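Work through the exercises below with the sequence and the model side by side, and try each task before reading its solution.

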Amino acid sequence: MLTSRLATEADLPALRALMALAIDDLQRSFLGPAEIVASRAVMGLDTQLIADRTYFIVEEDGVLAGCGGWSRRATLYGGDHSESLRDSALLDPACDAARVRAMYTHPAFARRGVGRMILGLCEAAARAEGYGRAELMATLAGEPLYKASGFKEIERTASAPVNGVVVPLVRMGKSLE
């Protein structure tokens with residue numbers, strides 16, 4: 001049975017390992033090898049989410065199945081190492097969309113409801129803080145889950161070049177009302 005909890009700083013090593021595995025494995029059907037390498041430079045762990053207590057872990061019998069969170073900060077995507085993408089300004093729930101961030105599923109748990117569970121937790125928490133809308137930056141691998149969960153495409157875009165390689169991305173949004 002899948003269970004959830006908020007991530008803590010003690011979870012950081014396991015989260016980093018899960019993210020690396022998910023980036024390398026789950027994107028293979030959507031991206032070429034160079035794009036996967038470039039993905040590592042723009043994706044990853046944002047420890048601000050853990051500090052803000054808005055980052056969830058999903059486990060099955062104590063095994064890390066997935067992780068993801070939401071944010072009341074302006075950063076749309078990117079990890080601690082992607083400094084140019086970061087903006088820690090607080091959003092206003094009256095006019096801004098909450099951000100769904102850093103969703104990763106262990107490949108052994110793909111298509112077993114982990115992502116939907118995390119999205120549900122994120123949406124409920126953002127709604128409880130007064131947000132009427134959520135936005136996220138989807139990878140091509142994540143896009144089908146987000147579409148199935150009611151997110152609509154806002155724009156197709158790409159990351160900044162990493163060693164001349166860009167990663168295709170899709171900005172998506174959803175009403176939480």
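The model is a predicted one, in which local features need pLDDT of at least 70, side-chain atom pairs count only at pLDDT 80 or more, and totals for chains, interfaces and linings use all residues. Residues are numbered from 1 along each chain as its sequence is written, and side-chain values use heavy atoms, with hydrogens and water left out.

**Exercise 1. Check the span of helix H4 (residues 114-128), and find which of its residues are buried.**

Step 1. Helices (H or I, at least four residues) and strands (E, at least two) are DSSP runs numbered from the N terminus, and the expected span of a helix is 1.5 Å times one less than its number of residues. For the 15 residues of H4 this gives 21 Å, and the end C-alpha atoms are 21 Å apart, which agrees.

Step 2. Buried means under 20% relative accessible area, exposed over 50%, and partly exposed in between (1.4 Å probe, protein chains only). In H4 the buried residues are Val114, Gly115, Ile118, Leu119, Cys122, Glu123 and Ala126. They lie on the same side of H4, because they cover an arc of only 160 degrees around the axis, where the arc is that of the directions from the helix axis to the C-beta atoms.

Step 3. An α-helix has 3.6 residues a turn, so residues three or four places apart point the same way.

**Exercise 2. Work out the order of the strands in the open sheet.**

Step 1. Two strands pair if DSSP finds at least two bridges between them. The seven strands have the order S1-S2-S3-S4-S5-S7-S6, with mixed pairing, and the edge strands, each pairing on one side only, are S1 and S6 (152-158).

Step 2. Look at one pair: S2 and S3 run antiparallel and are joined by six bridges, with Glu59 opposite Leu64 in S3.

**Exercise 3. Describe the salt bridges of Arg40 with Asp24 and of Glu135 with Arg171.**

Step 1. A salt bridge is a side-chain nitrogen of Lys or Arg within 4 Å of a carboxyl oxygen of Asp or Glu, and the whole structure holds 16 of them.

Step 2. Between Arg40 and Asp24 the N to O distance is 2.8 Å. Arg40 lies in helix H2 (residues 33-42) and Asp24 in helix H1 (residues 12-26), so the pair ties together parts that are 16 residues apart in sequence.

Step 3. The closest N and O atoms of Glu135 and Arg171 are 2.5 Å apart. This pair links strand S5 (residues 133-139) with strand S7, 36 residues apart. Glu135 is buried at 11% relative accessible area, whereas Arg171 is partly exposed at 22%.
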